[in-house]
Amino acid sequence: MLSLGPLAFMAPWVLAALLVLPVLWWLLRLTPPSPRVIRFPAIRLLRDLISREETPARTPWWLLLLRLVLAGIAILALAQPVLNPRTAPPGTGPLVLVVDNGWGSGRDWPARQRTLGDLLDGADRAGRPVVLVPTAAAPGGEPPGAIGPVRAGEARRLAQTLEPRPWPSDRRAALESIRKLQLQGSAYAVWLSDGLDGPEAAELAETLQRLGGAEVLAEAAGGLPRLLLPPSVEGAGLTARVLRAAPGPSEPVTVRAAGGDGRILARETAAFGEGRKDAELRLELPAELRNEVARLSIEGESTAGGTVLLDERWRRRPVGLVAGRSEGSDQPLLNDLYYLDRALSPFSEVRRGTVGDLLGRDLSVLILADVGALTDTEADRIEAWVRRGGVLVRFAGPRLAQHADRLVPARLRVGDRTLGGALSWSNPLPLAPFPEQSPFAGLPVPPDVTVARQVLAEPTLELAERTWARLSDGTPLVTAAREGEGRIVLVHTTANPDWSNLALSGLFVQMLQRVTALSAGVAEGVGSGTLEPVEVLDGLGRLIPPPSTVFPLPAREFGPDALGPRHPPGFYGTDEARRALNLTTKVTTLDMLRGLPAGVSRTGYAERGETPLQPWLLGIALALAVFDLVLALLLRGLLGGSRVRARRPATKATTAASTAAALALLALPMVLSGEARAQDPEAFASKAAGATWLGYVVTGDGALDEMTRAGLEGLSRVLNQRTAAETAGAMAVNLELDELNLFPLLYWAVSPSQPRPSDDAISRLNAYLRNGGMILFDTRDGRFGAGGGPGGDRLQELVEGLDVPALAPAPPEHVLTKSFYLLQDFPGRYAGGEVWVEAREGRINDGVTSVVVGGNDWAGAWAVDGSGRPLNAVVPGGERQREMAYRFGVNLVMYVLTGNYKADQVHVPAILERLGQ
Amino acid sequence: MSQTPAPVAAEALRAQQRAEALSSALPPLLVAAERVAATVAQGVHGRRRVGTGETFWQYRRYEPGDASTMIDWRQSAKTQRVFVRENEWEAAQTAWLWSDASPSMDWRSDRGLPTKRERAELLVMALAVLLARGGERVALLGGGQPPGTNRFALARMAMTLSGPGLGGDGLPSPAPLPRHAMLMLAGDLLSPLPDIHRVVSSFAARGLRGHLLQVLDPAEETLPYDGRVEFAGLEGEEDLLVPRVEAVRAAYRERLEAHRAGLAALARAAGWSYAVHRTDRPPQSALLALYGAVSQQPVG
């Protein structure tokens, strides 16, 4: 290896060939370019004229220079120059490579691998053994350990198997294994760190330095991984917190929410404030969409730490409704649960049933509307559930007023209080503004909400702080008490308009939303059994099917502590009840790597990387060679210049050379055309969408397709002449490849030789028909329907699986008979065959039939040649039949384009007549 | 006449139409001939003696043996004698045309130009059309057809020209032509001067009046090439490598001028006319010059 500043040559001995250049120069100077050959009639007059001045022909200096440069570049290229060569590591002993492959390394893993490759190349060239130390535990759970010393080639193979892990690095274990290493000579260590600080970071760096020499590679502050903490639920939105490793200048960060199928549901950008390490952002989502969110991720971050998986805990709260009365459907507006259901269902999942049924499943809020006394078992179950975090909301009512049980926030007086009744002086009371500590604080109180009856709480010391809402005279309307993790809330009036019109107001909905948002969710319950991994995150933040190294997780161990190589972050449980294990429940802080011992250099990843220049130089040399060839041809007059063709054998070689050059130039676009073919669908779509085309299905039978094409061209010509429909002509449609939805009409000539479309094509045809497309099937046997011909059977085979509704012969008053011309029948090349359309119109597509089936070979009758003469005779014959065939075509296209508009039109005279009377 | 291949016939028709179009701008051409080739064909050149013609020549007394239909009864009625009306013998001039069909004529220096042969044939054909319209009889020298004056003769000429051609080595072969006929030779006339002199003098000796038309490509006149060029002949000449064409250009031009001067002198000596036409010039000008040369009384 020869090093010249940033340039080095891998095969420097090739440079000796540069000595040949002067010889080449001399040879090129001596050899004149071959002359142009010109045929000239007056050659007789030219004879004997040359002796006057004899200057030897020379290669022009610029051509000489070009060829010398070409040769020089070729020699340089063969010497394998390399820009920014990786210098051999200092020291004589092995090269110790410590690679952080914990979650933080996923951010720019390819750059790390490049750097690793460069380092290994350097070690390979210097013949140094390599010790490779990954710092993250292997998927099997084995603690990380040093591998080696091995040869660099072997180490490269090992390095290629390294990948970022979705769990944190275990630098302690790596450190132990390094301490145990027995190394010959003075080693040199390179730590490819993920740039994140940890308790052992400084110690590790120091140990490495003691091996001989050390350097640390780490990204600058802006390139470090960021951490997305699990979001909290606030109302309809999700509030997420993003951490960065080092405070720095203001920096935007975008978080997006994706559904289970990968769709982006929301995208929100916030900014890290200057000097701050965290940013908060709020994702506002409609309740329906929020339920679909399966993961949040930081945009541009490919780490497990930048991804949070969401499970039921972040979903809509299931709310259980229990009524004290049996639910009668005769008077729904007086039903206890009607208003609750209406208020809750837009943003929560509402379930109904008995207490036992509801608590059997996950539930976050249980609403008991005027349920008097609960049985003891019920009360015990509810109480246990509330202690675990459930929210029990009770509404008062006649039954509760009589039989209050212990599950109320305040002791109630027996009976109720009536305001504004027939025997009372008082009026129904409005609500007072909500107190500050109440969850309802800030909700506007409509003045027209009044309460006519309520239950009263016994005044106690803690009643005031337990009160969430009061009437204007100060009596508590909503009281709540904490019970373990959960709450018990009592609304002192009914959930229906019996006692108060609160249930009719918008305030009712808002209050219920607030209460629901209080509930801690359903996933807190301790399950039993084991949770199978469903999907896990890999080191790059992608959800993958769990590899065999992932073990099921015992439900009681589910939590941040379980996270590790055996239980990577991901979804556990069953497909229906998935629980998300997030890395950021375990890793909650983030710091930049600092505190390295003196003498350890720290560099980034970016500026590394040697660039081999050989391909570029060879490319330049090839371009110059082509240029030289063109110049040589120009000089000899073979390109342009004289038009006289050289026919002598001696010039054949040059002709062949120029042909070869032309072929070489042609080959380039041919190589590139592979890409061009990939863009074909786009070109097809833009062509098809640019105008109204009559599509026809390519059957694979060339003659038939050509006939169909000619037929549709002929029909298009007639349409453009006679109607306002401007069709661009016929366009072939390949069912397997092409986009169908761009064509209003597909003409499908049934061919015995056409293979059955693939299932994919059939499903796309179904979609096409459902979305308002129309297919005209033409069995071309003239007998469709009446007795049936071979085409009908073939058609059935072809379209097996196609969602075609029941068909019936077109009735005489069908729109097809009057959409442009008034027609009695629909002849094509053959007359008399029936035309079948959808039997039940008006079902979908506004009553426009999606298929028209017949056997009259219309395309055959429409087909014209280039000068407009018909290609086929019609049977039984006569130009009138052809005209009728064209009229059918016009009617059909008009029907396709305008739908059943003409069907409405026929009623106009009758309507006008009636209006006139 | 053998069946002519269709492409040749079509090509001939096109050639004739081109010639007709070219000559349509000019009036019918009458050869200025003080002596007309001795033929019996009727033409427009009065022979100042009695013969078949349309112009009145003289009355003479009826002699026994004259046909009674020859008697001019009106004249006879004026006097006691019987007169016979005689017309002047009017004969047509015969023009023999020749176009060089040697391989060196099939050449052009630029794709935008016609080949020399195309141009020479066009001019020959146009001249033939004009002559035929003037009532003269035209024929191709070496074409094997007798002189004619009608459209069929023209069509035959066109066919012969468009066909494989007359071949030859750049000069017409001496043929026994009627005396006092007119001759027009069109070609590049690059053959050595003594050869041309021999041909011209052999024709001139029979009293034929002739016209030489040299058709040249502009490149032959200017030699517009540069650098090292290997020239190849079209008629089997040996190749010639010129190291620097620009160095010999002036000498070449001198030599061409000398050749032309020799041609002009040769024509003058034979009493013929000599004109030069370049294929990048319009054919009308050449045709006009030919028209003038053919219809003019020879000077001196």
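This report walks through a predicted model with chains A and B.

Let's start with confidence. Chain A has a mean pLDDT of 80, and 87% of its residues reach 70 or more. Two of its stretches fall below 50, though. One covers residues 521–526 of chain A, which still has 17 contacts in the model beyond near neighbours in sequence. Another covers residues 641–655 of chain A, with 13 contacts counted in that way. Where pLDDT is low, the predicted coordinates should not be read in detail.

## Where the chains meet

Now for the contact between the two chains. Chain B brings 28 residues to it, and chain A brings 22. On chain B, strand S8 (229–232), strand S9 (240–242) and helix H7 (245–270) each supply at least two residues of the side that touches chain A. H7(B) gives the most to that side, with seven residues. Sorted by class, the chain B side of the contact has 16 nonpolar, three polar and nine charged residues.

Strands pair up across the two chains as well. Strand S3 of chain A (residues 36–39) runs parallel to S8(B), and the pair is joined over four bridges. If you want a spot to look at, find A:Arg39: its bridge partner in S8(B) is B:Ala232.

## The nonpolar cores

The largest nonpolar core has 83 residues. Those with the most contacts inside this core are A:Val96, A:Leu97, A:Val98, A:Val133, A:Ala189 and A:Trp191.

A second, separate core has 71 residues, including B:Leu123, B:Leu130, B:Ala158 and B:Met159.

Back in chain A, what does A:Val133 touch, leaving out residues up to four places away in sequence? The residues are A:Val96, A:Leu97, A:Val98, A:Val99, A:Pro144, A:Ala146, A:Ala174, A:Ser177 and A:Ile178.

## A strand covered on both faces

Further along chain A, have a look at strand S42 (residues 851–854), which is covered on both faces. A:Val851 and A:Val853 lie on one side, A:Val852 and A:Gly854 lie on the other, and all of them are buried.

S42(A) pairs with strand S39 (residues 774–778) of chain A in the parallel sense, over four bridges. In that pairing, A:Ile775 stands opposite A:Val851. S42(A) also pairs with strand S41 (residues 836–838) of chain A, this time in the antiparallel sense and over two bridges. Here A:Val837 stands opposite A:Val852.

## Chain B up close

Chain B is built with eight helices and ten strands. Of its 300 residues, 38% count as buried. Among the contacts in chain B with a separation of 6 or more, 75% are between residues 24 or more positions apart.

For a closer look, pick B:Pro178, in the loop between helix H4 (151–162) and strand S6 (182–187) of chain B. Why does B:Pro178 count as partly exposed? Because it has 15 C-beta neighbours inside 10 Å, and partly exposed is the class between 12 or fewer (exposed) and 20 or more (buried). B:Pro178 also shows how the chain folds back in space: B:Arg206 is 28 residues apart from B:Pro178 in sequence, with 7.9 Å between their C-alpha atoms.

How values were computed: Residues numbered from 1 in each chain as written. Chains lettered and ligands numbered in written order. Predicted model: local features only at pLDDT ≥ 70, side-chain atom pairs only at ≥ 80, totals over all residues. Contact = placed C-beta atoms within 7 Å. Nonpolar A, V, L, I, M, F, W, Y, C, P; charged D, E, K, R; others polar. Pairing = 2+ DSSP bridges. pLDDT = per-residue confidence, 0-100. Core = buried A, V, L, I, M, F, W, Y, C linked by C-beta atoms within 7 Å.
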